[in-house]
Amino acid sequence: MRRSMRDKLGDMVSAKDFGAAGDGIVDDTHAIQAALAAHGAVFLPAGTYRTTGTITLGHGQSLTGVGEASVIQARDQPYDAVNLPSYPSQFNAVELVDSYAALRNLRIVGGASGVKLYGRDGPCVKNVVENLSIWDSMIGIVLDGYSSPDRPCYWNHVGRVLVARPQIHGVLLTVESSGDTPNANKFHDVRVYSLAAPMSGCGFFLSAGRFNNSFVDCEANLHPGGEACLRLGAATDQNLIVNFYAESAGALPGIRIDGGSRNTSIVNLFSATAGMPIWDTTDARAYSAVNAGFPLRNDLKQTRISDLMLEGLRLETEYVEPAAGGLVEPDIEGCTIWFVSAYGGPVEFRLPPAGTHIGRTVTVKKTDGSANPVTVTVDGGPGPDGAPVVLACRHDQLTAISNGHGWWVTSSNLMPANTEFVEGPGPFTPDLLKPLYLVSAAAGELEVRLPPASAGAGRSVTIKKSDESAHAVLVTEQGGAGPDGRVRRLGKRYDFVTVASNGGNWWVTGARSAPRSVQYHEAAGLLPIDLGAEAYLVSAFAGPVEARLPAPAAANSGAVVVVKKTDPGGNPVTVTVAGGTGPDGAALALGAQHAGATVLSNGAAWHVVARV
């Protein structure tokens, strides 16, 4: 069927057919609007069309140019590629206010927004905006949910668009009034460039947007004064960001996620900003990431694998055996598991600072059977969990992880350690390679002299009296009094004390004494208190009794004795001290039945600590 030339030309009309000049001087607003009022498809030939009001596309309409040569100039000043813009426009350059409209192949200069899509006249759905460049607008593209959920902003497509030198935002998704959020809109190959022009906002700002808005192969290269290359506001949910490129010389985040934003998926993010690739402002981690962010390149939520087969799992291992022991500083970036031999001498395995290895896990295992320990420390700090960790026996191991602030022990597999039995008078110094020492004082009083606390940092040891003799086991410290600052006295069989060093002091972390022994005495005269019992029940019924404590000495430092009068008679029980007067410097008379006193030796004197 043949068509007339009139019909053919009627497929699309030119704005110049309605009086548009396209010379950048004449106001072409009314001519373009008249063309759109008369016809659904309007063509803008090459030229600069100066406008003083908004060009509006209604349902099903299209406005098409020839590309960069077809310019809508929404301000008086022409496009200037050299000087920065002044942003004088107070109106939107182009608005799509209904459905199924198309805006293609144009350059737009100026405008409060270059292009705005919203449901003014009907639902704003299935519109197409493509092959545009938008220059010097306050906001490049706006998708607005507007005032009614019945006229939503859904399913629009924006592709192959450059937004250059925006003043505030490149792309904005928002809700101006009480409408629904912009949902399920597609952005493909949309690029926002500051090109050295100052801006205060974001490349892409999803102030509000839910349910599968997608941004694929998009890019933001921003001035350092901006907020973020892409920002997800509080009212955003289930958006998709794929192959996003972020760049800025300033400390802008590549993607900023505000509190309340949920379930966005970020795939293949390349961030070349001086800020964080992904800044989760509340650390809610309510997003998923694949090959995106730092230090977590992959952060998946609620992932279920019903059938996973690994044909091979390999962990890098390293074996270290210094010829004479000494310092080992491992390269943990290249290896996860370290087998360390201290056969040639004690080894210090020094982990690097935690701040430079966040998320790294290291396992250290002692492989040799020598008595030389492998001590795990941290560069710039004492060790994992804040203290050096000593691997004393063969097959001892620990696993530590860095959270960026410190190294933390997450597991250990210390093999059962040897217990040492010690018997004999005189001082004995434990080597701390064993956690338990059973000590017999059957042959005479025995002193267990701990090494200086600085030499035992991070170590814990238990000393237990194993014999039934009356001789005491005294726990002291080289260069100091003893754990908790005093001599610990183990006077009876099964008494024990557990001590730990923080590098500065030895501290008692556990202790137990056997059930208190009691001695009963009924005779007038002198009762020498030999410290063989802890409680002395004394009857003075036959006559006055002197209960004489031994002279204070280092040997009985820490000894506690209770003396109690049991009879109702008038004869006193007097507590004295050999070579002196009595506790607290005076003889202590117990005159009434049940009267009693508890006294304590500090090695220099006896002191009353309680009276009944």
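## Pockets and strand pairing in a predicted model

The second largest pocket has a volume of about 420 Å³, where a pocket is, on a 1 Å grid over the protein atoms alone, an open set of points where a 1.4 Å probe fits, with protein on both sides within 12 Å along at least five of seven lines, and a volume is the space filled by probe spheres set on the points, which are joined across faces, edges and corners. This is a predicted model, in which local features need pLDDT of at least 70 and side-chain atom pairs count only at pLDDT 80 or more, whereas totals for chains, interfaces and linings use all residues. Residues are numbered from 1 along each chain as its sequence is written, and side-chain values use heavy atoms, with hydrogens and water left out.

Eighteen residues line the second largest pocket, and Asp283, Arg285, Phe294, Pro295 and Leu296 lie nearest its centre; lining residues have an atom within 4 Å of a point. Strand 27 (residues 278-280) gives the most to this lining, with three residues; strands are DSSP runs (E, at least two residues), numbered from the N terminus.

Around the centre of the largest pocket, the closest of its 27 lining residues are Arg489, Gly491, Lys492, Asp495 and Glu534. Strand 44 (488-490), strand 46 and strand 51 (560-565) each supply at least two lining residues of the largest pocket, and the largest share, three residues, comes from strand 44.

| Pocket | Volume | Lining residues by class |
|---|---|---|
| Largest pocket | about 500 Å³ | 10 nonpolar, six polar, 11 charged |
| Second largest pocket | about 420 Å³ | 10 nonpolar, four polar, four charged |

Strand 46 (506-512) is also an edge strand, as is strand 38 (419-423), each pairing on one side only, in an open sheet of five strands with the order 38-40-42-45-46 and mixed pairing; two strands pair if DSSP finds at least two bridges between them. Within this sheet, strand 42 (residues 460-465) and strand 45 (residues 496-501) pair in the antiparallel sense over five bridges, and Ser460 stands opposite Ala500 in strand 45.

Elsewhere, strand 10 (residues 113-118) is mostly covered, with six of its six residues buried, that is, under 20% relative accessible area with a 1.4 Å probe and protein chains only. Strand 10 runs parallel to strand 8 (residues 94-96), joined by three bridges, and Leu96 has Leu117 of strand 10 as its bridge partner. Five bridges join strand 10 to strand 13 (residues 139-144), also in parallel, and Ser113 is partnered there by Ile139 of strand 13.

How values were computed. Buried means under 20% relative accessible area, exposed over 50%, partly exposed in between (1.4 Å probe, protein chains only). Helices (H or I, at least four residues) and strands (E, at least two) are DSSP runs, numbered from the N terminus. Ala, Val, Leu, Ile, Met, Phe, Trp, Tyr, Cys and Pro count as nonpolar, Asp, Glu, Lys and Arg as charged, and the others, Gly among them, as polar.
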